[in-house]
Each structure stands twice: as structure tokens, then as C-alpha cells.
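I opened the model to look up a few residues and how they are packed. My entries follow in the order I made them.

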Amino acid sequence: MSQVALDSSRTVGSAPTIRRKPITPGRRLLHVFLIVVAATWLFPILWALYNSFRDYHYTALHGYASFGGFTVANFTNAWQQGDFTKHFLNSAIITVPAVLLTLLLSSMVAFVVARFSYRFNLALLGMFTAANLLPPQALLIPIFRMFRAVPVPPWINDSGTLLNSLWGLIAINTAFQTGFCAFVLSNYMKTIPMELYEAADVDGASVFRQWWQLTIPLCRPPLAALATLEVTWIYNEFFWATVLLQSGDKYPITSSLNNLKGQFFTDFNLLSAGSIIVALPTLIVFFLLQKQFVSGLTMGSTKG
């Protein structure tokens with residue numbers, strides 16, 4: 001066998017070489033900028049995590065820039081002083097129904113907007129999304145008066161009104177988040193081929209069946225992405241819980257962090273440990289739905 005044949009056989013059998021683009025000064029500057037931004041975002045979280053494992057007396061004596069005084073007692077003390085068991089349950093009672101109701105109602109609105117064309121189509125979508133355009137502080141007084149005036153049965157709230165009720169927080173979070181979810185879902189549902197609905201009409205499928213058995217299964221990526229966002233937003237919601245709740249035993253977990261503050265001084269190591277505990281559920285939800293969340297964010301980015 002000739003040398004030329006050997007060289008050609010090696011060329012055919014070997015993997016193709018990948019040519020790397022030269023690193024330009026602009027690309028280096030971009031990498032430096034991204035590293036600085038990432039470090040800026042991560043530093044407060046890592047600093048809080050570092051101090052959550054340190055004793056308050058050690059840091060008060062040697063300063064927060066020192067090294068040592070490590071302990072895990074801050075987490076147990078934060079759990080006990082903040083009564084996290086009760087407040088985690090309150091957050092679950094508020095977050096789970098609010099997220100499910102938000103996704104259910106927004107998917108219905110989005111289906112009507114995307115599936116049917118009529119004169120008030122955009123007006124209907126704009127009415128639902130208008131709640132996201134106003135700051136909640138502007139609606140504080142009318143919503144507070146409304147919740148104080150609306151009568152409810154005693155099994156919902158002992159006071160007889162929606163004020164100081166977990167059901168009221170579920171309702172207000174659902175009302176404010178439905179518009180955004182309806183806007184996102186309607187844009188995704190418009191990409192579903194109309195031939196699927198025409199075939200469903202030929203088969204005799206009702207409108208409800210087309211929404212539940214045809215549209216909802218096709219919207220799993222955006223629903224998962226919205227579920228991740230809504231769990232984070234409703235779980236971390238602080239403003240309406242502080243305004244509409246008047247008894248400490250009904251506060252969600254984010255409001256219970258105030259119990260870790262003293263009257264004359266604040267143990268920031270204890271507060272850091274409590275903040276880390278409070279942030280864990282949202283991190284767990286994100287990692288569990290990470291694949292669906294990323295696919296929901298990148299939906300429609302490619303064709304074919």
C-alpha cells in the first residue's frame with residue numbers, strides 16, 4: 001500500500017478537526033464583564049451562607065472578616081425562634097392553591113384568546129394583564145377596605161371578613177398573577193396548528209375537551225416554566241402578607257424572619273441562617289423543574 005493511501009485512510013478514519021475562533025479583545029472583555037457580574041450576584045449569597053455557620057460572639061469579637069467560630073446552632077435556633085414549622089405550613093397553604101388556581105384560570109383565558117377570534121379579543125387579554133401594570137402600593141387602600149367589608153362564613157375566617165385570612169392572600173396573589181400567565185400562555189397557544197382543533201371539531205370534541213385533553217398536554221413546557229416562577233414570586237411575597245394579615249400565627253415564612261430580630265440588636269448570623277432556610281424550598285422547586293423550566297424559556301427559539 002502506498003504512502004498516499006495510508007495518509008488518505010488516516011484522514012478518513014480520524015475525527016474532523018474543530019477550528020476554534022480566535023479570542024479577540026472584545027471577547028476577553030465580555031468574559032471579564034460576565035465574571036464580574038456573576039461574582040457581584042453570588043457574593044451576598046455566599047457571604048450570608050458563610051456567616052450562617054459562625055457564632056455571633058466570635059464575629060462580634062473578631063469581626064466578620066475573620067475566620068473561625070464555626071457552628072451549626074444558628075440553624076436550629078433560627079428554626080425554633082422563628083417558629084418555622086408553623087410558618088412553612090402557612091406558606092404552603094398560600095402558595096400551592098394560589099399557583100394551581102393561577103395556572104388553571106390563566107390557561108382558560110389564554111385558550112379563549114388564542115383559539116377564538118372576535119372583536120374584544122385583545123381587550124379581554126389587556127384587562128387581565130392590566131393588574132400587572134399597576135404598583136401594589138397604589139391599590140393598597142381600596143383592597144384593604146374591600147377585604148374588610150366583604151363578609152365570609154365563619155369557617156373561612158373567624159372575624160367574618162377576608163381581612164386576616166389566608167384565603168384572602170390566595171385570592172389576591174391569584175388575581176395579580178393571572179394576567180402575566182395568561183399573556184405568556186396565549187402567545188404559546190397561538191403557535192399550536194389550527195389543524196389540530198379542526199380535526200378535534202370533526203371528531204366531535206367539545207371546547208372543554210379541546211382545552212383539557214388537547215391544549216393543556218401541549219403546554220407542559222410553558223406551564224412548568226410559569227409554575228417555577230409563580231412558586232418563587234408567591235412564596236417570597238411579603239407586601240400583601242404584611243398588610244392583609246394582622247395576627248402573627250398566620251404569617252408566611254418570609255414575614256416570620258422579623259421574629260429573628262431583637263429589640264436592641266440583631267444577630268445577623270442567626271438572620272443569615274434563617275434566610276438560607278427560607279430560600280431552600282424555591283431552590284428545590286427550581287432544580288426539580290429545571291429541565292422543563294429551560295425548555296419553557298427556549299420555546300419558539302428554533303423552527304423545524
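Entry 1. I looked up N164 and found that N164 counts as buried because its relative accessibility is 15%; buried means under 20% relative accessible area, exposed over 50%, and partly exposed in between, with a 1.4 Å probe and protein chains only. I noted that this is a predicted model, in which local features need pLDDT of at least 70 and side-chain atom pairs count only at pLDDT 80 or more, while totals for chains, interfaces and linings use all residues. Residues are numbered from 1 along each chain as its sequence is written, and side-chain values use heavy atoms, with hydrogens and water left out. N164 is in the loop between α7 and α8 (helices are DSSP runs of H or I with at least four residues, numbered from the N terminus). The phi of N164 is near 65°, a positive value in a residue other than glycine. Most residues other than glycine have a negative phi.

Entry 2. I then checked D83, in the loop between α4 (73–81) and α5. Its phi is also positive, near 50°. D83 counts as partly exposed because its relative accessibility is 32%.

Entry 3. I asked which residues L244 touches, leaving out those up to four places away in sequence. They are F144, F147, L163, N164, S165, L169 and I172; contact means heavy atoms within 4.5 Å.

Entry 4. L244 is also among the residues that touch the most other members of the largest nonpolar core, which has 37 residues. Such a core is a set of buried Ala, Val, Leu, Ile, Met, Phe, Trp, Tyr and Cys residues joined through side-chain atoms within 4.5 Å. The helices that each supply at least two residues of this core include α5 (84–115), α7 (140–149) and α12 (239–244). Helix α8 gives the most, with 10 residues. I found a second, separate core of 14 residues, and F75, F88, L260 and L270 are among them.

Entry 5. I looked at S91 in helix α5. S91 is buried, with a relative accessible area of 4%. Apart from neighbours within four places in sequence, S91 is in contact with Y235, P252 and I253. A polar atom of the S91 side chain lies 2.7 Å from the backbone nitrogen of I253.

Entry 6. Last, I placed F70 in the loop between α3 (56–62) and α4. F70 counts as partly exposed because its relative accessibility is 46%.

Conventions
A polar contact is a pair of N or O atoms within 3.5 Å; within protein, one must be able to donate a hydrogen and the other to accept it, and residues adjacent in sequence count only if both atoms are side-chain atoms.
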